[in-house]
Amino acid sequence: MKTVTKNWAWFICIMVLILGAGIYLGQSRRTELGKGFDYSLDEYRQVDPSLIHYTEVEPLVPTLEKISALAVAPDGKIYVGGEDAVQRFPDAGTFPIVGIPTCMAVDDDGTVFLGMQDHVEIRSKAWKKTVWMAPGGKAYLTSIVVEDEYVYVADAGNRRVWRYDRAGGEPLEIGKKDSANGVRGFNIPSPYFDVDLGPDGSLWAVNPGYHALENYRSDGVPISSWKRSGFTIEGFSGCCNPSHFALMPDGAFVTAEKGLPRVKIHNQDGSLRCVVAAPNQFDEGVVGLDVAVDDEGRIYVLDPSRNQVRTFEEKK
Amino acid sequence: MKPKEKRDRRDFVRGASAVLIGGAVLSAARNRSPRLVWQIDPEKCTQCGRCATHCVLAPSAVKCFHSYSICGYCDLCGGYLRPDAKSRNTGAENQLCPTAAIKRTYIEEPYFQYTIDEDLCIGCGICAEGCDVFGNGSMYLQVKHDLCVNCNECAIAHACPSDAFERVPASEPYLLKSDRERRIS
């Protein structure tokens with residue numbers, strides 16, 4: 001072999017070696033992160049099937065876009081609020097509004113109360129509109145409940161529940177921090193702040209920053225509370241949970257969570273009664289699972305990702 | 001001087017002038033086009049972890065950013081605490097960040113402030129994932145431009161599975177969530 005050819009062969013061999021070493025070193029730097037960098041909630045998505053006491057039946061499918069508010073009227077009709085309209089089931093009557101409601105309630109005579117971020121729109125049966133403005137400049141209304149005397153409105157922006165008379169006017173403030181009277185104030189890290197009425201007519205409000213449900217008299221004096229923290233099925237996880245809740249006729253709590261989407265029932269003392277829907281029954285990342293209960297114990301879950309009101313009945 | 005020589009010189013001067021003028025025009029045009037740098041769109045980022053492993057720098061030029069205007073200052077911060085944390089304190093076993101780059105400071109009951117120690121952050125995005133799932137998404141990843149060497153072919157952009165890397169003008173090198181919110185509002 002000629003010297004020149006030999007030299008070229010050596011040169012090519014050395015270059016191949018250098019290139020190979022470079023590729024090896026380059027790839028070895030690009031290893032995957034270790035186990036300590038794994039973030040998995042799979043363990044918490046699994047629910048013991050014996051805890052699931054409810055079964056899903058045919059959902060309500062509104063023709064509205066961007067559904068965001070749910071209410072069960074005293075007459076059993078289901079109202080769903082979405083983009084520019086409210087729809088009623090089972091007759092599917094549709095009533096126009098402007099905008100997307102953030103919450104909704106319906107009273108005995110069919111009057112609809114809509115939270116529209118910073119004000120309440122009251123729609124009579126003839127769909128005539130009255131407006132109550134929420135106090136404060138940063139109102140973000142997230143829940144409404146109506147009883148004979150008062151209308152309670154949860155305002156996540158101001159971290160207060162406003163108690164209006166049925167005629168409107170200046171509301172009473174509930175939830176202002178008052179250590180002397182045992183009011184620790186509402187800790188609302190994100191706009192999920194729900195209220196409902198107990199079987200005795202008293203106000204229940206979720207305090208999501210504490211994973212707590214708190215009971216108040218109509219004048220804002222606290223009565224009782226319970227809390228459950230934890231990723232396991234018995235507790236509430238992450239910040240701002242439960243994001244929504246509704247009271248059953250027997251005073252038990254139907255709760256819905258975000259982050260780890262699941263719907264459960266807790267007894268009056270906060271202990272877990274059963275699971276309605278496990279995390280694997282929802283799309284990953286869904287938020288805004290508003291819940292409502294009718295007199296027959298059927299549970300309705302507003303699922304914004306599927307744009308449906310999913311319905312659950314207790315297993316026979 | 002002979003006429004041919006004269007013509008040659010004229011041609012040379014013409015050619016040289018054309019090259020000079022063309023160069024000046026090209027240079028001016030190049031200066032006018034904005035310089036671009038790499039940045040992560042937080043809306044597209046899926047916190048896959050490749051920012052930590054694929055940057056040519058070690059540790060990566062990608063760091064966690066924290067938007068205080070979005071943060072809820074939660075005691076039970078999903079970006080700071082492990083999902084299975086036994087208690088809500090600064091114990092290493094409770095912290096989600098593998099490099100302890102997030103500092104937790106008590107403000108008042110029940111609020112805590114979370115700050116990022118850039119020297120410790122490697123841009124793995126695990127805190128951003130936890131904050132996204134359980135919090136408000138106030139923690140997110142961005143390329144730090146005092147560290148980034150602005151490679152023409154960014155190795156992370158090449159490996160990014162969600163196409164979250166994009167070129168942005170160097171005059172506005174960050175895609176901040178808080179800025180976006182301000183623009184929307």
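The C-alpha centres of domain 1 and domain 2 of chain A sit 67 Å apart. Domain 1 of chain A covers 1-31 and domain 2 covers 38-314, with bounds taken from an automatic or database domain assignment. All of this comes from a predicted model, where local features need pLDDT of at least 70, side-chain atom pairs count only at pLDDT 80 or more, and totals for chains, interfaces and linings use all residues. Residues are numbered from 1 along each chain as its sequence is written, chains are lettered from A and ligands numbered from 1 in the order in which they are written, and side-chain values use heavy atoms, with hydrogens and water left out.

Helix α1 of chain A spans residues 3-29, and A:W8 has its place there. (Helices are DSSP runs of H or I with at least four residues, strands are runs of E with at least two, and both are numbered from the N terminus.) A:W8 counts as exposed because its relative accessibility is 52%; the cut-offs are under 20% for buried, over 50% for exposed and partly exposed in between, with a 1.4 Å probe and protein chains only.

On to chain B, which has 5 helices and 6 strands, arranged along the sequence as α-β-α-β-β-β-α-β-α-β-α. Of its 185 residues, 44% count as buried. Its accessible surface comes to about 10300 Å², 53% of it belonging to carbon and sulfur atoms; these areas come from the Shrake-Rupley method with a 1.4 Å probe.

One residue of chain B to look up is B:Q95, found in the loop between β2 (62-66) and β3 (102-108). With a relative accessibility of 13%, B:Q95 counts as buried. Leaving aside residues up to four places away in sequence, B:Q95 touches B:Y80, B:R82, B:T90, B:A100 and B:I102, a contact being heavy atoms within 4.5 Å.

And where the two chains meet? Chain A brings 28 residues to the contact and chain B brings 30. Together they bury about 2400 Å², 58% of it on carbon and sulfur atoms; this is the accessible area (1.4 Å probe) that the two parts lose on being put together, summed over both. Across this interface the rule finds 0 salt bridges, a salt bridge being a side-chain nitrogen of Lys or Arg within 4 Å of a carboxyl oxygen of Asp or Glu.
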